[in-house]
Amino acid sequence: QVQLVESGGGLVQAGGSLRLSCAASGSIFSINTMGWSRQAPGKQRELVAAVTSRGGTNYGDSVKGRFTISRDNAKNTVYLQMNSLKPEDTAVYYCNAEIITTARSIVTSWGQGTQVTVSS
């Protein structure tokens, strides 16, 4: 069994910064891609950013140049540094990871979500 625990959300003024963290724990052999998605009220969940086990990254168009994803493989943790935040970044942010368990099965696990609110 594996779980992801997010932290770092909160309320920030437009133009400010926040850093989200997501730590994976449990019966982990290795982790492939880790990423962040978000869902605003009344909208579909969208990809924010993803990072492969080798450090390759991918970003949603709306956050390119403002957000940076990184990971610490030794800690099984993924981070999302969010700069120049805008009110339209307000959403619940979810981390996810493709995990190979110690039983050698592949599972996609999601965190519980953390609220990010950007005031204008």
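Reply: A disulfide is a pair of cysteine sulfur atoms within 2.5 Å. This is a predicted model, where local features need pLDDT of at least 70, side-chain atom pairs count only at pLDDT 80 or more, and totals for chains, interfaces and linings use all residues. Residues are numbered from 1 along each chain as its sequence is written, and side-chain values use heavy atoms, with hydrogens and water left out.

Me: How many disulfides does a search of the whole structure find?

Reply: The search finds 1. Cys22 is joined to Cys95, S to S 1.9 Å. Strands are DSSP runs (E, at least two residues), numbered from the N terminus. Cys22 sits in strand 3 (residues 18–26) and Cys95 in strand 9 (residues 91–101), 73 residues apart. The link is right-handed, with 40° about the S-S bond.

Me: Are Cys22 and Cys95 buried or exposed?

Reply: Buried means under 20% relative accessible area, exposed over 50%, partly exposed in between (1.4 Å probe, protein chains only). Both Cys22 and Cys95 are buried.

Me: What about salt bridges?

Reply: A salt bridge is a side-chain nitrogen of Lys or Arg within 4 Å of a carboxyl oxygen of Asp or Glu. The structure holds 4. In one of them, Glu46 pairs with Arg38, the closest N and O atoms being 2.6 Å apart.

Me: Why does Glu46 count as partly exposed?

Reply: Because its relative accessibility is 35%. Arg38, at 5%, counts as buried.

Me: Which residues does Asp89 meet in salt bridges?

Reply: Asp89 meets Arg38 (2.9 Å, N to O). Asp89 also meets Arg66 (2.8 Å, N to O). Shared partners join Arg38, Glu46, Arg66 and Asp89 into one network of salt bridges.

Notes. Helices (H or I, at least four residues) and strands (E, at least two) are DSSP runs, numbered from the N terminus.
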